[in-house]
Amino acid sequence: MMQKQQFAAGKYFSVLIWLLQDRQNFLQEISQNVQLYQKINALLICSSIFFAIYGGIIGASSSWQQALASMVKLPALYLMTLMICLPTLYFFNVFFGSRKPFGQYVALLLSAMAVISVLLFSFAPITLLFMTTTTNNYQFFKLLNVIIFSLTGFLGIKFFYEAMQAFSENELVGQETREKILQLWLILYGLVGCQLGWTLRPFFGNPGMHFELFREMGGNFYLDILRALGEIFGFQ
C-alpha cells in the first residue's frame, strides 16, 4: 500500500516537472485532450501541497494555530478564485467563437496555478529568513509577502495569457474579441483574488493579537497596504 501511494505521488509530481521543463509539449497535449483529467488531478494536488506549505510558513510567523489555518486557507484562496472566475472566461469565449472544451480551460488555469505555487515555494527560504530576523516588524513581513504574491501571481498570469494566445491561433472566428475579453478577465481575476484574500484574512496573523480564524469585515486590501507603508516609513 505504501509503495503504491509513493508511486502515485511520484506520478503527480512528474506531471508538474514536465510542465516546468517542457511547457510547449505539455500544452500541446492539453490542446489534444491527451490524459487531460489525469493532468488536472495531478496539478490540483501538487499546487495544493505547495500552497499549503507556504501558507504554513507565513502563518507560523504568528502562532501554530495560524500556521494550521493558513495551510488550509491559502490553497482555498487560489482554488476559490479559479472557481469563481472560470465560468466567465469559458462562456464568454464560447459565445465569441471558441470551440475548446471546458476541461482544457480547467487544465490551463490549473497549470498557471501550479506555476504560481512552485514559484511561491521557491521563495520559502527567503520568507523563513525574514520571518526569523524581523520578528518585531509585522508590517514589513506582510509587505514582503505582498510583493512575493504579486510577483508570482504576475508570472502565473503571464504564463496563462501566453498559453491562451497559443491555443487561439487555430480559432480565427472572434479571435480579436476573445483576446480583449481575456485581457479584461485577467484584471477581473486579480481583483477577485485580492477581494477573496481580504475576506479570508488573516493569513499572517499579527503576533501582538490573539488568534482569529477570520477577521471582521471592514476596510479593504488597498487601504491596509497604504497603512502598512505608513507604519514602515514613519508616516503614522
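The structure is a predicted model, in which local features need pLDDT of at least 70 and side-chain atom pairs count only at pLDDT 80 or more, while totals for chains, interfaces and linings use all residues. Residues are numbered from 1 along each chain as its sequence is written, and side-chain values use heavy atoms, with hydrogens and water left out.

The protein chain contains nine helices and zero strands; here helices (H or I, at least four residues) and strands (E, at least two) are DSSP runs, numbered from the N terminus.

As to overall form, the C-alpha atoms occupy a box of roughly 55 × 50 × 25 Å along the principal axes.

Of the 236 residues, 44% are buried, where buried means under 20% relative accessible area with a 1.4 Å probe, protein chains only. The protein chain exposes about 13000 Å², and carbon and sulfur atoms supply 67% of that area, computed by the Shrake-Rupley method with a 1.4 Å probe.

Helix α5 covers residues 102-122. Its 21 residues should span 30 Å at 1.5 Å a residue, and its end C-alpha atoms are 31 Å apart, which agrees; the expected span is 1.5 Å times one less than the number of residues. Helix α5 is mostly covered, with 17 of its 21 residues buried.

Technical notes:
Buried < 20%, exposed > 50% of the residue type's maximum accessible area, 1.4 Å probe, protein only.
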